[in-house]
Amino acid sequence: MSRRTIQALTVFSALLIIGVVITQIFWVKQALDLRHRQFNQNAHVALQDVAAKLARVNGVMQTSNPVEQLSPEYFLVNTNSTTQPELLEVFIKESFQKYKLIADFDVGIYDCTTNRMRYGMSLSTKNSAKIPAKTSNWIKTDKYPYYFGVRFPEQETYFAGSINRAIWSSVLVLVAVLLFAYALFVILRQKQLSEVQRDFVNNMTHELQTPISTIRIAADVLNSENIMTQPKRHKRYVQIVQDEIVRLQGQVEMVLSMAKAERNVLTLQKEHLNVEEVIRSVLLPFENKVKFRDETVNKIIEADPFHFRCMINNLIDNALKYSDDIPEVEVDIYNKGKCLVIAVRDQGIGIAPEYQKKIFNQFFRIPYGDVHNVKGFGIGLSYVKQIVRAHRWKLELESTLGKGSTFKVNIPQKQHA
């Protein structure tokens, strides 16, 4: 199964679980709303039962609808006569237990002579507790001369607590899913890095084998008995060995420099360099494959000679690798403001916009065209970026797919009076 398929399945599973959690929250809210309605309905029926009992005891006619709900937690009951507190306590507890209203509640009896609630008591069907309650904030009405009120102070808190517990449990499930998705993402990322490092090792092994094989062949020739009788041939093979050793040393040094740059321990040995002279010496092995144009007035910069040469070599080598069969590569140097600009242009395959930032990432290889057939470590442009950053220069890229690319290095220069 490909990595992309695994990622798609992971995202789909995460979205599915998130959907389940949201659905769970919705149904919990619906269930709580239903419980709320059932509670209010049971309270209506129980209080109507209390009103009927009081009417029979007091010998008055009961109204058709004696119970009125004035707020989510407050009920008012019309009695049409005075009410004895002790009798009310007995009736109300009996009715609440009958209709399974197990809750704490406050009871207040209205006194029409004083226009106040003359009785306030906190009762409960959970136990026999009986505590005086404040009557200053009770809701009153002018509809009835005789009534009592019942308030359930913990009702909203109870239902809110229930839904909050459900929501928090859903949130915890969601957090667990997100942590799982993150852990899976890290695992996939590590898998990708492992694959990239494996490809890098394979590429590096292949690249290092080339100079090693060349040196071995040259050494065999130099070890032959008749080579000393051919001075020109002997000198040529010695030069091959020296060139391949320098090439091998450069490859190894580039890998080591990348590792140091990643740890921010890359040390630069800066010197004053003549850019034209350095670039012309770098271009010698490329023979006539690269054009060079110098339009500078001030050619002197301050840079590490080794890393500067490697940076230029990498840019040119990259331009040649990603060109067509007949490469058209040009290196231009010119002054712009207070900077010297080195521009490496090619007329090659170009770089798609979505890859123009990624190509500077370590080990990244563009996954289209014949790019997979191009030899290399996949760290050349990453190395260039690290060297530019270490020198505090500026690196720019201009590229059009199918028309080529231009890499520009802007190097600040010291201005002389």
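**View 1. The largest cavity of this predicted model holds about 30 Å³ of space.** Let's start inside the protein, where the count comes to one cavity of 30 Å³ or more. Rolling a probe the size of a water molecule over the atoms shows where empty space is left. In this predicted model, the lining of the largest cavity is made up of Thr-10, Ser-13, Ala-14, Ile-17, Val-177, Phe-180 and Ala-181.

**View 2. Helices H1 and H3 both contribute to the lining of the largest cavity.** Helix H1 spans 3-58 and helix H3 spans 155-222, and each supplies at least two residues of the lining. H1 gives the most, with four residues. Sorted by class, the lining has five nonpolar and two polar residues, and no charged ones.

**View 3. Helices H5 and H6 cross at roughly 55°.** H5 covers residues 275-283 and H6 covers residues 305-321, and their axes come within 10 Å. The two helices are therefore oblique to each other, and their crossing is right-handed. On the H5 side, the contact is made by Val-275, Val-278, Ile-279, Ser-281, Val-282 and Leu-283. Facing them in the contact are Phe-308, Arg-309, Ile-312, Asn-313 and Ile-316 of H6. If you like to think in residue classes, this contact has eight nonpolar residues, two polar and one charged.

**View 4. Helix H6 also packs with helix H7, at an angle of about 145°.** H7 is made of residues 380-391, and the axes of H6 and H7 lie 9 Å apart. H6 passes H7 in a left-handed crossing. From H6, the contact takes in Phe-306, His-307, Cys-310, Met-311, Asn-314, Leu-315 and Asn-318. H7 brings Gly-380, Leu-381, Tyr-383, Val-384, Ile-387 and Val-388 to the contact. Nine of the residues in the contact of H6 with H7 are nonpolar and four are polar, with no charged residues.

Key
Residues numbered from 1 in each chain as written. Predicted model: local features only at pLDDT ≥ 70, side-chain atom pairs only at ≥ 80, totals over all residues. Heavy atoms only, no water. Axes fitted to C-alpha atoms, helices over the stretch in contact; angles between N-to-C directions. Parallel < 35°, antiparallel > 145°, perpendicular 65-115°, else oblique. Left-handed = near helix turned anticlockwise from the far one by under 90°. Contact = heavy atoms within 4.5 Å. Nonpolar A, V, L, I, M, F, W, Y, C, P; charged D, E, K, R; others polar. 1 Å grid on protein atoms, 1.4 Å probe; cavity = no way out; pocket = protein on both sides within 12 Å on 5 of 7 lines; lining within 4 Å. Points joined across faces, edges and corners; volume = space filled by probe spheres on them.
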